[in-house]
Amino acid sequence: MALSRLSSRSTTLFQPLAAAFPTTLRRHISTDTTPITVETSLPFTSHLVEPPSRAVETSSSELLSFFRDMALMRRMEIAADSLYKAKLIRGFCHLYDGQEAVAIGMEAAITRRDAIITSYRDHCTFLGRGGGIFEAFSELMGRTTGCSKGKGGSMHFYKKDASFYGGHGIVGAQAPLGCGLAFAQKYSKEEAVTFTLYGDGAANQGQLFEALNIAALWDLPAVLVCENNHYGMGTAEWRSAKSPAYFKRGDYVPGLKVDGMDALAVKQACKFAKEHALKNGPIILEMDTYRYHGHSMSDPGSTYRTRDEISGVRQVRDPIDRVRKLIISHDIATEKELKDMEKEVRKEVDAAVAQAKESPIPEPSDLFTNIYVKGFGSESFGADRKELRATLP
Amino acid sequence: MSAIIHGAGAATALSTFNFKTLVAPCRTNIPGRSKRCIVAAGSDDDASKSFGSSILTVRHSQKLIANAVATKADMSATTGTGHELLLFEALQEGLEEEMDRDPHVCVMGEDVGHYGGSYKVTKGLADKFGDLRVLDTPICENAFTGMGIGAAMTGLRPVIEGMNMGFLLLAFNQISNNCGMLHYTSGGQFTIPVVIRGPGGVGRQLGAEHSQRLESYFQSIPGIQMVACSTPYNAKGLMKAAIRSENPVILFEHVLLYNLKEKIPDEEYICNLEEAEMVRPGEHITILTYSRMRYHVMQAAKTLVNKGYDPEVIDIRSLKPFDLYTIGNSVKKTHRVLIVEECMRTGGIGASLTAAINENFHDYLDAPVMCLSSQDVPTPYAGTLEEWTVVQPAQIVTAVEQLCQ
């Protein structure tokens with residue numbers, strides 16, 4: 001049951017169990033911030049560092065927000081799936097459902113000044129950083145109202161004001177970029193860290209080790225997060241990596257292995273990693289997670305793994321179900337309320353999709369904007385400056 | 001801060017179309033550095049015309065720098081209180097001035113710091129600015145180029161040095177996909193104000209892998225600008241302009257030009273990144289060149305003058321985008337074009353320049369555009385063979401005679 005606002009702030013001894021006031025559908029997100037301590041599902045495995053404790057502090061408002069945000073992400077990805085099949089989204093579409101806990105848990109542990117950079121599986125990370133679903137769907141459908149004005153597409157979501165640096169198509173290329181972001185943070189003496197996310201496929205890229213070497217050498221506040229969903233497109237982890245202990249691959253860089261389907265474990269690990277990176281330099285986090293969809297929409301996802309495996313993970317380890325069980329067992333909300341929340345989220349997503357479908361497509365002149373930055377807003381058409389037009393303010 | 005720049009190469013065309021100003025964004029308020037008088041001086045070579053008509057003044061709310069007048073600057077470049085230095089020192093001076101001016105500028109590369117730079121371009125900078133601003137990287141071009149680009153996304157202005165331009169092939173993915181494209185794919189959210197610089201070109205028997213000319217590989221990457229410096233004057237000017245530009249700029253230097261000596265002005269100046277330089281005005285034929293070949297062309301020009309020809313030599317400087325305005329005006333005057341470059345024959349800068357000239361100025365040509373480039377071979381070690389790979393002055397003379405028949 002969601003707590004009514006009146007009683008939430010009165011006393012720290014207020015037990016969530018005692019709430020008996022019915023709430024309207026609009027007051028779903030509890031504002032109670034009394035700490036609840038939950039144990040993570042699994043202990044952390046660590047390399048060269050003392051692991052953090054399994055007991056994570058959270059609160060009912062946080063758990064409800066986890067649930068809602070993850071449900072929103074899940075719904076968005078499923079909507080993107082149907083839009084792709086309806087040919088409104090073209091090209092590549094890499095879906096993140098199943099891995100939502102990583103994005104949500106990370107957000108809960110950091111601020112908007114900390115930077116996140118990730119690969120092409122970036123829709124939910126964008127949402128976690130404060131991006132709107134309308135911008136996301138517009139970008140996926142190539143409209144001007146998209147976050148990159150329709151010119152980036154699924155793999156190029158960016159949000160500069162929230163320190164979200166994308167959205168990169170080439171596997172592993174974001175690793176040096178992420179270390180560059182950490183370098184800039186150190187250079188400008190901000191007390192912030194950069195989370196560079198990459199997958200188990202990218203973990204075999206040379207540039208990752210190059211970047212790791214520099215980050216460790218120069219003590220950069222970089223946290224490298226390997227989202228290990230066990231498949232690099234169609235190649236299973238054991239077929240591509242001699243040593244699949246990705247958290248240990250840093251060798252001289254400490255690492256932590258985390259259950260990536262448990263949002264609270266992710267939150268704890270990211271908090272720990274941020275503190276570590278600010279003091280001692282880089283650290284690797286390996287998030288043991290799973291994606292339900294195939295690598296992208298053109299991959300059915302079942303040629304290299306069995307359907308039983310997918311449904312097995314969905315039954316036992318699904319991140320949303322885990323939070324749902326926590327909420328119900330702590331009596332923060334009833335099952336019906338959570339279902340209502342999911343229905344509301346679904347309506348929201350449908351409305352955003354409908355609105356995005358109505359959005360305008362880019363003008364032909366947009367082809368040439370944002371190639372070069374020039375003073376006075378001049379645009380150059382073609383490399384030979386044939387029709388250079390300088391518009392003075 | 002605003003800069004007044006006039007195109008050194010625009011001297012022949014006196015119409016005042018095509019204004020461009022490189023607005024130097026002063027992103028930090030460094031106390032005590034509010035107004036610098038920036039003078040754009042003309043080329044100090046044989047240009048005898050005044051550059052007065054192509055002064056571009058800043059029109060809007062930024063303050064006009066009243067003292068910076070091109071005609072006066074022309075004099076100061078040749079007679080006044082300049083100082084003489086070598087090309088690598090000019091690059092260093094430009095870099096140092098920009099690092100003084102803007103604390104966001106940092107240098108990263110192999111051996112740029114404590115060693116002083118493999119060509120001494122960054123000598124002394126590490127002592128002055130410290131290890132955080134002049135960074136010695138390990139040997140991983142892909143990673144440190146990517147790091148420079150990542151840092152640039154947040155607002156820093158790294159100058160990334162490739163010890164030899166050929167090594168940048170290892171960073172090609174970062175340069176092409178991230179450096180060039182991020183401004184576009186993010187819908188304008190991020191700018192990547194990096195400068196990627198380093199020596200390239202054929203040296204003295206350095207071997208095939210260390211004599212590469214990568215201008216041709218980078219020229220089709222959308223979103224980057226490429227410039228090639230050839231004299232101490234334009235080296236310093238282009239370095240400064242490249243650092244101040246919000247776009248990623250690749251600055252091509254040449255291994256054999258680092259010890260050129262010239263007198264450059266004491267005042268601060270920038271060279272426009274998109275403009276070509278008029279080296280020697282003439283009437284009979286337009287010779288387009290850049291980097292080291294400029295000197296071969298000028299050597300050939302001496303012979304040609306003795307033989308009675310009057311070549312117009314233009315150092316195109318801007319390899320991407322081409323300064324078709326200056327080039328076009330020259331073609332309209334002379335009706336004959338010879339391109340002399342060090343790039344490879346196939347797919348080189350000359351090849352695309354030929355295409356661009358044919359496409360745009362076909363009606364003005366009296367003869368087909370001729371392009372002299374290096375042979376399509378890996379550069380051999382043997383001295384004589386290496387000489388034959390590259391264009392020599394005698395070949396330039398023959399080509400001009402052939403074209404001017």
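Here are a few questions and answers on the aromatic pairs in this predicted model. Local features need pLDDT of at least 70, and side-chain atom pairs count only at pLDDT 80 or more. Residues are numbered from 1 along each chain, chains are lettered from A, and side-chain values use heavy atoms.

Q: How many aromatic pairs are there over all chains?
A: Rings of Phe, Tyr and Trp (its six-membered ring) pair if their centres lie within 6.5 Å. Searching the whole structure that way, the count over all chains comes to 13.

Q: Are the planes of Y231(A) and Y290(A) stacked or edge-to-face?
A: Planes under 30 degrees apart count as stacked, over 60 as edge-to-face and the rest as tilted. These two rings have centres 6.5 Å apart and planes at 85°, so the pair is edge-to-face.

Q: Is F172(B) buried or partly exposed?
A: Buried means under 20% relative accessible area, exposed over 50%, and partly exposed in between (1.4 Å probe, protein chains only). F218(B), its stacked partner, has 0% and is buried. F172(B) has a relative accessible area of 24%, so this residue is partly exposed.

Q: Which residue has its charged end over the ring of Y231(A)?
A: Y231(A) belongs to one aromatic cluster with Y290(A), Y292(A) and Y304(A). A charge sits over a ring if NZ of Lys or CZ of Arg is within 6 Å of the ring centre and within 35 degrees of the ring normal. For Y231(A), the charged end lies 5.6 Å from the ring centre, and the residue is R305(A).
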